[in-house]
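Work through the exercises below with the sequence and the 3D view open. Each task is followed by a solution in steps.

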Amino acid sequence: MTTTEPLQVSSGPAPAWDDTFWTSRLSGRARSMTASAIREILKITQQPDVISFAGGLPAPELFPMDAVKAAFDSVMTHYGPAALQYSTTEGHPPLREWIARQSGIPARNVQIMTGSQQGLDLLGKVLISEGDVVLVESPTYLGALQSFQPYLPRYVQVPTDNEGIDVDALEAVLKATPAKLLYAVPNFQNPTGRTLSLERRQRLVELTRRHGVTVIEDDPYGKLRFTGSELPSLYQLALEQAGGDPDRVHVIYSSSFSKTLVPGLRDAWVQAATPVIQKLIQAKQGADLHTPTLNQMLVSELLEDTLPRQIEIVKKVYGERAQHMLSQIAEHFPKGADYTTPEGGMFLWVTLPEGLNTVTLLSEAVERKVAYVPGSPFFALGGGENTLRLSYSSAAPEQIERGIKALGETFQAALG
């Protein structure tokens, strides 16, 4: 007969419980995480009487409600219980194949993500080691900084102007810095709304290839061009340089259906060389196993008819709202304020006279019932205290008029 030893209970003192109990037990990675400045501001804008130019939210009144309902019925009829079942990590095959055809690559080079934000997070997980140099635009997308920060990169900012990344400055940085990654938003950049010119795209792809730097091209807004001519993606240019072989392309392309169809389905993708895709599959298995099956099937149903119509509708409305906001800014903002003129997307960028601080002024703007995103969180290494981002996508014309007028009064008052 075997006996069981009695459980030994420590008679020592219990650990002290104070406000640091849990914070002292967090990992270094968790302690490096920060809250999204945009999400915190969105809490303010939940007040029904506040006009929000803060969040980059697609216009809900434009969502293709009837088409989504019909797609749901079609999916349930065609797939039945399979639509509600677990699926493969790589993604719904018809969806991956459709995406792959748009770039002329095999479906094996496409990985479906639960929103493009997950794609950025998992790319950071599989590509960034502590101390790796990551080049970012100045300013850059705040969500990318949040995604990469837990992996402890060393950021180096690359200057930008109205044509996007300054490639002369980029070349100087590449000669002096052993960079591993470059993160860029070439089309209607978040936060500035600027577009990288064709000549700079070509030079950027050639420079980064020559220096062995991987490029993450984030392109959620590329289809939302309402003026000017469409430009090739960095991925397309790199694919041409690689002779059409996707496994020799040094650019990783990320995009989403959130801005062109509906954001709530959280369907996005990454296309990359096979070794990267294989690691993304493994990382995604640990994150959420797979993107919801039903959502992928719904998007697949909407690709041929609804998506192209929806893009045209959204482009027209956003173009009108952008132009209206620009005209109101010209009328109401103080002399010396500078602002971008986007060719598409959802944002424009304002630089106020030196000495104004848009973080401080936000509370005064909210008192006037209007909100924006201060620009400083978009700078990886600080700065931009006199800048702000405005989104026109979900604001009706009368809201733009009242909101921009209120902001103009706020900024004029701050100038005395």
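## Exercise 1: A sheet and its strands

In strand 11, Thr351 is the bridge partner of Asp338. The model used in these exercises is a predicted one.

Solution. 

## Exercise 2: The surroundings of Thr387

Task: Decide whether Thr387 is buried or exposed, and list what it contacts.

Solution. 

Step 1. Thr387 lies in strand 14.

Step 2. Its relative accessibility is 5%. Buried means under 20%, so Thr387 counts as buried.

Step 3. A polar atom of the Thr387 side chain lies 2.6 Å from the backbone oxygen of Gly384.

Step 4. When neighbours within four places in sequence are left aside, the contacts of Thr387 include Trp349, Val350 and Thr351. Thr358, Pro374, Gly375, Ser376 and Phe379 are also in contact with Thr387.

## Exercise 3: Helix 7

Task: Identify which residues of helix 7 are buried, what covers them, and which residue caps the N-terminal end.

Solution. 

Step 1. Helix 7 spans residues 167-176, and its buried residues are Val167, Ala169, Leu170, Glu171, Val173 and Leu174.

Step 2. The N-terminal cap of helix 7 is Asp166, which has a side-chain oxygen 3.0 Å from the backbone nitrogen of Asp168.

## Exercise 4: Aromatic pairs

Task: State how many aromatic pairs are counted, then classify the pair of Phe226 and Tyr392.

Solution. 

Step 1. The count comes to ten aromatic pairs.

Step 2. In the pair of Phe226 and Tyr392, the centres are 6.4 Å apart and the planes are at 70 degrees. An angle over 60 degrees counts as edge-to-face, and that is the class of this pair.

Step 3. Phe226 lies in the loop between strand 7 (214-218) and helix 9 (234-241), and Tyr392 in the loop between strand 14 and helix 14 (397-414), so the pair ties together parts that are 166 residues apart in sequence.

Step 4. Phe226 counts as partly exposed at 23% relative accessibility, whereas Tyr392 is buried with a relative accessible area of 0%.

Task: Classify the pair of Trp349 and Phe379 and place its two members.

Solution. 

Step 1. The ring centres of Trp349 and Phe379 are 6.2 Å apart and the planes are at 50 degrees, so the pair is tilted.

Step 2. Trp349 lies in strand 11 and Phe379 in the loop between strand 13 and strand 14, so parts 30 residues apart in sequence are tied together.

Step 3. Trp349 and Phe379 are both buried.

A further group can be noted: Trp98, Phe257 and Trp269 form one aromatic cluster.

## Exercise 5: Backbone exceptions

Most residues other than glycine have a negative phi, and most peptide bonds are trans.

Solution. 

Step 1. The bond from Ser138 to Pro139 is cis, with omega near 5 degrees. Pro139 is in the loop between strand 3 and helix 6 (142-148).

Step 2. Asn190 and Pro191 are joined by a cis peptide bond with omega of about 25 degrees. Pro191 lies in the loop between strand 6 and helix 8.

Step 3. Leu152, not a glycine, has a positive phi of about 60 degrees. Leu152 sits in the loop between helix 6 and strand 4 and counts as partly exposed, at 29% relative accessibility.

Step 4. Arg266, also not a glycine, has a positive phi of about 55 degrees. Its place is the loop between strand 8 (251-256) and strand 9 (267-271), and at 34% relative accessibility Arg266 counts as partly exposed.

Notes. Residues numbered from 1 in each chain as written. Predicted model: local features only at pLDDT ≥ 70, side-chain atom pairs only at ≥ 80, totals over all residues. Heavy atoms only, no water. Pairing = 2+ DSSP bridges. Helix = DSSP H or I, 4+ residues; strand = E, 2+ residues; numbered from the N terminus. Buried < 20%, exposed > 50% of the residue type's maximum accessible area, 1.4 Å probe, protein only. Contact = heavy atoms within 4.5 Å. Polar contact = N/O pair within 3.5 Å; in protein donor to acceptor, adjacent residues only side chain to side chain. Phe/Tyr/Trp six-rings, centres within 6.5 Å; stacked < 30°, edge-to-face > 60°.
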